[in-house]
Each structure stands twice: as C-alpha cells, then as structure tokens.
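Please try each task before reading on.

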Amino acid sequence: MSLLDLSPEQRKELAAQVRTQYQELKAKGLNLDLTRGKPSSEQLDFSNSLLSLPSAEHIDASGADVRNYGNLRGITDIRRIWGELLGIDHANIIAGDASSLNIAFDLISFAYTWGTQDSPRPWSQEEKVKWICPVPGYDRHFTITEKFGFEMISVPMLEDGPDVDAIRELLQDPQVKGMWAVPIFSNPTGTTYSEEKTRALAEMEAAAPDFRIVWDNAYAVHTLTQDFPTVHNVLDFAAQAGNPHRFWWMSSTSKITHAGSGVSFFASSEENLAWYASIAGVRGIGPNKVNQLAHSLFFRDAEGVRTLMLKHAQSLAPKFERVLAILQERLGTYDIARWTSPEGGYFISLDVLDGTAARVVELARAAGIALTGAGSSFPLHQDPNDRNIRLAPSLPPVEEVAEAMDGVATCVLLAAVEKLGV
C-alpha cells in the first residue's frame, strides 16, 4: 500500500514508529560512508602483484627500453590488450597515465585554448559554449564543464540511454560543442546505452563542426554478473556516418587495478589523436611506460582482464544485493521511492519523494551516515525535483553496507512523513 493511501490514523502510527527508529539510529553513534565509488581493500589486494612488476624485464614489444623517455602514444603491449578488450584497433588508442578523467580535462582544456583541428576558432573565443549533460550523471564530469564556465543543458537519462530526440534538437544550435556520456553501466543509474541510441548519437547532424562526445567507457568491463556487456564500436559507427571525429573515447584501469596509479586510454580518429598529441607532446615527453609494461605483464591479454573483473564482481555483487534487498524490504511497501538494479558499475540511483532528497542526506549525516550530497548527479548540484541520491556501496564491508542502508531507509521514511506533514 502506498504511503499516500494510508488513513490519517495509519500515517500517524507509522510516523511515530519511524521517529522512534530514527532516535535509536542516532543513538548507535555510527560512522559509515557511502559517498564515493571506491574499490574496497579486498579489491585492491587483487592487484598487489603489480607492485613487483616489471622485475628484470624492461623491454616492450617494439624492443624499446620503457625506462627511458619517449613514445607519447604509450607502449603497444598495453594498447593491444585494451584494443582487444574494447573491440577497436590499437592504432586508434593512446595510453596515458592515471585516470581517463585527466585526459578528458586535457581535451576540453586544449579545445578551449586552441580549438580542435576542425574548430572555426578556440572555444574560449565563442560567445557561449553549451554542453549536453544526461541526468542523473557523473558529478566529476559536470565539475569540469562548470570549471570552464560552459552552459550545461540537462537531458533525461532513460532506460536505454539518454533522450536522443532532445539531443537531436539541441544539436541544431552551433553553440552546443559537446556532450558527456558514460555508455555502459552509467554513473549513477547503471544504464547501458542501446545500440540504437549509440548509432543515433554517431549519426545525428550537428550544427557545430567541432561537436564532440566524451565517450567515457569507465565501466565497460565492470560487471556484477558472470556476463560482460557488448561494447559498441562508436568510432566505426561515426566514421560510417561521416562524423569520424565525433567521439573522444575514454577508458582506464582505475577501478580494475590500483586507483590513481593505473593506465588511462584515449581512443579516437587518427586526426583527433594527432591533434591531441601535437599539444600533449609539448606538455610532456611521454607517459609512465614502466607502469604500462607492468600492467601488460599483469593482465597478459584481454581474457586476463575479464578474469580479474569476475573476481571484482564476486566481491561487489553481495553488497549490491544487500542494498537492493533492504530498499525493497523497508521501502517497497510504501511506494515512496524508486531505485535502479544495475548489472554492473559502482552505483545505485535512488529517487525518493520529491522535495525530500536534501532532507534525507541531512538526516543521515546527523545519524553518522555519509551520503553523496543531494543533487550531486546534476549540473551545478541542482536537482530540480530534489529527489535523486547516489548510493555507493563498494568500499565498506557488506555488514556495514547493510547497517548503513537500513539507516538510510529510516531517513527516507522520516523525510517522507515530514513532507506529508505527519
């Protein structure tokens, strides 16, 4: 029965019960954190043998000494593995340092300062730059475009990807220069773009000749099951449609091996890669090829990556299952919340009663449970409905995840009865 369908007496009884539960929750003195999608210590341990690689070996497949300068595009060894993993030619991949977020920032920074190879002028000289942001979406993406002062335009994320009809309409404006996309197990909903929508994004007309989609495939192999999703080759889709430079494709090992000390990847057309390299080659002489060789020796091949990711799935899946079970058990009866049931990635997207998300986060914080701020999955942290909360169950042990989620459910119920004036 929906909470809205309860009689006044039933609502009062429930409100009293929930307020008692909340006081008991606060009395526990909890210190729990569901704010960021960090790998757990157990997951990080899976890659500890990386720390002893490479041992005596320091020559890559081309015969070059990885300890020396040079090779801006990264070693072939790791690029071949990632090309096989993503189903693209390794010749269209640059391997860099750290995370793909670094490269995404660089690409926008370079375009802002100098323009792309097909820009009429640097983006900084445009009267206005507009950027499409599927929502709910990745907060760190939005922070980048906010930093550059771009006007961010929200489009809704649907069950099979963003609203392409809305995007097609927006692309008639030449000031629209780009779009964020997390096409597989999207942050935070876990949505995977359908082939139909992927092709639509590759094929649709754009008024700006330098329109770019940052195709951040951060979670392409982050399954929570025994199956891996299909990775669509958007570079081929775009080239076939006559838009070969549309996609800036990102990937990395950040949540596969050790976060912050991994390998990042940038895949695109040869012209886009050459443009990027012409500027990145001024910024630095080359990436950490020793680390790239270590990763290639550790993985061995694409199947080695998949084998490792199944170990991650075994660690993560029980935590996601507990979150979903508690949400259903505590909130399913009252019809005041909706949530996603992802098959991969690091997050669950929770929609609570309109106008209560910020209050839920406030109540949880007061009870010792840290949640990502309400509105974080929207540009400028402004959720027009104040309903969305991103849940990140990966870091704590499963027992702590369960305790935190039971507390969150109590906060959702308390915020709802408050909203209804009970």
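**Exercise 1.** How are helix 11 and helix 13 oriented to each other, roughly parallel or roughly perpendicular?

*Solution.* The model is predicted, so local features need pLDDT of at least 70 and side-chain atom pairs count only at pLDDT 80 or more, whereas totals for chains, interfaces and linings use all residues. Residues are numbered from 1 along each chain as its sequence is written, and side-chain values use heavy atoms, with hydrogens and water left out.

Step 1: the axes of helix 11 (residues 302-331) and helix 13 (residues 398-419) come within 9 Å and cross at roughly 30°, where axes are lines fitted to C-alpha atoms, for helices over the stretch in contact, and angles run from 0 to 180 degrees between N-to-C directions. Helices (H or I, at least four residues) and strands (E, at least two) are DSSP runs, numbered from the N terminus.

Step 2: helix 11 and helix 13 are therefore roughly parallel to each other, given that angles under 35 degrees count as roughly parallel, over 145 as roughly antiparallel, 65 to 115 as roughly perpendicular and the rest as oblique.

Step 3: the contact (heavy atoms within 4.5 Å) includes Val323, Ile326 and Leu327 of helix 11, and Val401, Met405 and Ala409 of helix 13. By class, this contact of helix 11 with helix 13 has twelve nonpolar, one polar and four charged residues; Ala, Val, Leu, Ile, Met, Phe, Trp, Tyr, Cys and Pro count as nonpolar, Asp, Glu, Lys and Arg as charged, and the others, Gly among them, as polar.

**Exercise 2.** Which residues make the contact of helix 4 and helix 5?

*Solution.* Step 1: the axes of helix 4 (residues 100-114) and helix 5 (residues 139-147) come within 11 Å and cross at roughly 25°, which makes helix 4 roughly parallel to helix 5.

Step 1: Leu101, Phe105 and Ile108 of helix 4 meet Arg140, His141, Ile144 and Thr145 of helix 5, and by class this contact has four nonpolar, two polar and one charged residues.
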